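Hello,

Here is the structure we talked about handing over. Please look through it, then read the notes below.

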Amino acid sequence: LTDHLGRIAGFLSEGDPSAAAREFFDFRVADLAMGSGHFLVAAVDKIEALMRTFLTEHSVPGVTEELLRLAAVARDALGTDDVAKSEVDEVGLLRRQVARRCIYGLDINPMAVELARLAVWIHTFVPGLPMSNLDHGLVSANSLTGIFGIDQALDALQPGRKPGHIMLFDEILMDQLASARDLLIDVASASEANKAEVEEGARMLAQARQAADTSRRIFDAALAVQAGDLSPGMLPDEESLARLIQRDEVEAASADFKPAHMPYLFPEVFLRDKPGFDVLIGNPPWEKVRHEPQQFWVVRDPGLHSLPAAKRTERIAYLRATRTVDRLEELQAIAVSDRLTNYFSRAFHLQASQHYDLAKLFAERNLDLVRATGTVGLVMPQALLVLGGWKPIREVMVTDHHLVVAPLRNTGGWAFENVHPQTTMCVMTLGPGSGVTVWPASSSEAAFSSLPETPQLELSVDDLRELSDELNVPWFESPRDPL
């Protein structure tokens, strides 16, 4: 964000305040598995604080006028309620605009999305102003199964496509997504100062989605190819394209995978120079993709965990034989797991084996979606640092980015209340550069808070290669260990 605001300052120094106002909120932060939105709420505060500091030191007339108009509408709506009027301040107004224009989140669970919207609404509520429409930025979809780039879709549908060779798909996708992008930029730029403006924003969002609907279906077709449901091939004309996107396999892939096609959902993020999110944050799930019978049945038979292995196997066999409805659900879960595994084997390229787990898949997808100049900050399992199955991801992280790692021991549940106290994990960030910075492991909040004053270990890519062929990142307990 500091670099982004430096760019805004550059516009001002060049005497272009219009560009400064137009680009001021063009800073995009996302959580690909947002849950109920805790990370995004914290991001709103961080962005607001830095932007507010910038606005106290620089004059950006377009932004200031926007905030003043919102304040005037809010106070006018509150009438004689002086107490409520006193709560209309720059902090709240700026938070509201940050939430509407800078924050993105996805989750496969629709209830989690509603909770996230509620959390952001409550946190950015301004007396006298209506609730903002967050339907565009906070979306229920699977960020692991969507098409994340236009080239990805085109390469799937047109094998042998030459770089820079414009064909039918290219023109349709770019034209439709550009139209949707322009509409969505207008949606974000609208002040939503009253109910009518909020309703107009919702109408424009629906119009943008409709304008890009053929592109969505093309992305669905690319997804069906990656899932192995369709064979790719050259499409010479629009009639061939129309037949393709109406295929049952295309509709089935969309229904089964609930995909988040990023250029379709967020064309303003993925059709700009250096496409992608400026910052990606979160604590993605770590579960295995493959079906685990014990995990499935323990929910239905809580005593299962306490049984010895042999007895547990016998118990699961008994449950399968006696609980017909649950057994049918298990068979369905197995089918979903197998279908996802087949898709991941085709669509992901940094997974060392087909024993997929969600943490590793989300790590790769974050690498796919971050802007070339962007930053990633995630909570990850210790496996990221040391296990061989993570080597392809580790290699990209330390060669194409600079990896900073703060290992954690969850002693006493200080970091995460509902996680086993012996669980080892790390907070990691990726930024420009290469190599890795490693902090000593923290076993308490106090130790974690003192890390900025603690010596750290700096390793280049060559250093890591000398330590191990798999580029393992060392874990050390004390600041004295690497000395």
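P381 stands opposite M425, which is in strand 7. This is a predicted model: local features need pLDDT of at least 70, side-chain atom pairs count only at pLDDT 80 or more, and totals for chains, interfaces and linings use all residues. Residues are numbered from 1 along each chain as its sequence is written, and side-chain values use heavy atoms, with hydrogens and water left out.

Strands (E, at least two residues) and helices (H or I, at least four) are DSSP runs, numbered from the N terminus. Strand 5 (residues 370-381) runs antiparallel to strand 7, joined by six bridges. Strand 6 (residues 402-409) also pairs with strand 7 in the antiparallel sense, over eight bridges. Pairing requires at least two DSSP bridges between two strands. T424 in strand 7 is the bridge partner of R409.

Strand 7 (residues 424-431) is largely enclosed by the rest of the structure, because six of its eight residues are buried. Buried means under 20% relative accessible area (1.4 Å probe, protein chains only).

**Cavities**

A cavity is a set of points, on a 1 Å grid over the protein atoms alone, where a 1.4 Å probe fits but cannot get out; lining residues have an atom within 4 Å of a point. Grid points are joined across faces, edges and corners, and a volume is the space filled by probe spheres set on the points.

There are three cavities of 30 Å³ or more. Helix 9 gives the most, three residues.

Best wishes

Technical notes. On a 1 Å grid over the protein atoms alone, a cavity is a set of points where a 1.4 Å probe fits but cannot get out, and a pocket is an open set with protein on both sides within 12 Å along at least five of seven lines; lining residues have an atom within 4 Å of a point. Buried means under 20% relative accessible area, exposed over 50%, partly exposed in between (1.4 Å probe, protein chains only).
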